Amino acid sequence: MNLTDSKAKLAVGGALCGVVAVLLAIFGNPGNMAICIACFIRDTAGALGMHQAAVVQYARPEIIGIVLGAFIISVVTKEYRSTAGSSPMIRFVLGIIIMIGALLFLGCPLRMVLRMAAGDLNAYVGLIGFVAGIATGIVALKQGFSLGRAHETNKMNGAVLPVLMLGILVMILMGSSLLIASEKGPGSMHAPVWLALIGGIVFGALAQKTRMCFAGSIRDIMLMKNFDLFSVIAALFGVMLIYNIATGNFHLSFSGQPVAHAQHLWNILGMYIVGLAATLAGGCPLRQLVLAGQGSSDAAVTVAGMFVGSALCHNLKLASAAAAAATAETEAVVGGPAIQGKIAGVICIVVLLIIAFAGNKRK
Amino acid sequence: MKEVDARGLSCPEPLMMTADALKNEKGPVKVLVSEVNQKMNVEKYAKSHGKTYKSREIGSEFEIIIE
């Protein structure tokens, strides 16, 4: 079934993804984090011991489900194509950079939209940076930026990431003691495994069919005045907004928001990094997972970069801290990045501008 | 016939190349892409710009002729 031939069908696809997000929120995922690609890759990296941040370690079945959902639907609809060879190491670096930017802001573009739907004004500030990053990427594209062609490869090559994800799933289902699970903090908050897995599969399949992409939606409006992809995101936003208002979770404010900070400059720069890097990589973190599921090794390498990037963020303490009010035992935390996070952010922007404007031209 | 070979390229390059070709070319334009969604994007673009198109599958790739 073709979901992309009308905005109404695309919106239905986006709304169904919103319903999945609502279920995941109701059944235990962290506040304003019903589903977040950056956070959940980071949690999964933690579960595998790639970093030791004790509050964000949990193998998220949603990530596994999204890759497998995209894989299954693309095989069934004959869209699965095993491809590779479009500047893989640059894509690996883009994956790392996407993660550093996302963890400066505290969320991928998907979580930014979920936070916006809950009234978190910091996410609207982040959106300014995200749009500016995409605009910078469009300037590069108009000047002929390209990471080059991917070519078809042996069918098995494209299935490597889905199989690795399946491996983590087997460990989860067997209750493997090798996987680390947080006892407190966001990593300890999660929907039941089966709901998270099925929700992820449905989300991944719908994202594959609708071509859902947060960077692509804004890029297409700015570049082509095309609102198709935007209609998917708008519907997802609408469903989450209704849910938040109906359940009293909508609070229009900068402070008191779950897993967020109000350092405006770093919210803007964090999402600027994500917007630019995602435009150069041809899609947001969610789209990278979906493309990896449908056989793109280049996207799979970007996902691998995101895993490594999330580990770097916590091992080197580049990730922002969430703001927190004072309690009887602890003082208030302003939140935001430490000095090393700020330096990393500036380095990321310089590296992105070099990738975008120095030499990666369409031949 | 002007040929746009966008096989293997990431979004939105195939569409940008098609748009450029249609802007500069009076006659028909042949576009080659690898992915189904890129084929559909090119078709949609042609349709929304008042052009007719014919598509066919060649192996695992696609050819769209826009007139």
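Begin by selecting α5(A), where the buried residues are A:P109, A:L110, A:R111, A:M112, A:V113, A:L114, A:R115 and A:A117; a residue is called buried if 20 or more other C-beta atoms lie within 10 Å of its own, exposed if 12 or fewer, and partly exposed in between, with C-beta atoms placed from the backbone. This helix is thus mostly covered, with eight of its nine residues buried. Helices here are DSSP runs (H or I, at least four residues), numbered from the N terminus. What you are viewing is a predicted model, in which local features need pLDDT of at least 70 and side-chain atom pairs count only at pLDDT 80 or more, while totals for chains, interfaces and linings use all residues. Residues are numbered from 1 along each chain as its sequence is written, and chains are lettered from A and ligands numbered from 1 in the order in which they are written.

Two packed helices are described by the angle between their axes and the distance between the axes. The axes of helix α5 (residues 109-117) of chain A and helix α11 (residues 228-246) of chain A come within 8 Å and cross at roughly 40°, which makes α5(A) oblique to α11(A). Axes are lines fitted to C-alpha atoms, for helices over the stretch in contact, and angles run from 0 to 180 degrees between N-to-C directions; angles under 35 degrees count as roughly parallel, over 145 as roughly antiparallel, 65 to 115 as roughly perpendicular and the rest as oblique. To see the contact (C-beta atoms, placed from the backbone, within 7 Å), show A:V113, A:L114, A:M116 and A:A117 on α5(A), which meet A:I233, A:L236, A:F237, A:M240, A:L241 and A:N244 on α11(A). By class, this contact of α5(A) with α11(A) has nine nonpolar, one polar and no charged residues, where Ala, Val, Leu, Ile, Met, Phe, Trp, Tyr, Cys and Pro count as nonpolar, Asp, Glu, Lys and Arg as charged, and the others, Gly among them, as polar.

Sorted by class, the contact of α5(A) with α6(A) has seven nonpolar, one polar and one charged residues.

Now move to A:G119, in the loop between α5 and α6 (121-142) of chain A. Just after α5(A), A:G119 takes a positive phi of about 90°. Is A:G119 buried, exposed or partly exposed? A:G119 counts as partly exposed, because it has 18 C-beta neighbours inside 10 Å. Leaving aside neighbours within four places in sequence, A:G119 is in contact with A:F250, A:H251, A:L252 and A:S253.

For the following stop, select helix α14 (residues 297-315) of chain A, whose 19 residues reach 27 Å from first C-alpha to last, close to the 27 Å expected at 1.5 Å a residue; the expected span is 1.5 Å times one less than the number of residues. Of the 19 residues of α14(A), 16 are buried, so this helix is largely enclosed by the rest of the structure. Beyond α14(A) comes A:K317, whose phi is positive, near 55°.

Finally, centre on A:I66 in helix α3 (residues 61-76) of chain A. A:I66 is buried, with 30 other C-beta atoms within 10 Å. Although A:I66 and A:G204 are 138 residues apart in sequence, they are 3.8 Å apart in space, C-alpha to C-alpha. Not counting residues up to four places away in sequence, A:I66 touches A:G200, A:F203, A:G204, A:A207, A:L289 and A:V290.

Key
Helix = DSSP H or I, 4+ residues; strand = E, 2+ residues; numbered from the N terminus. Contact = placed C-beta atoms within 7 Å.
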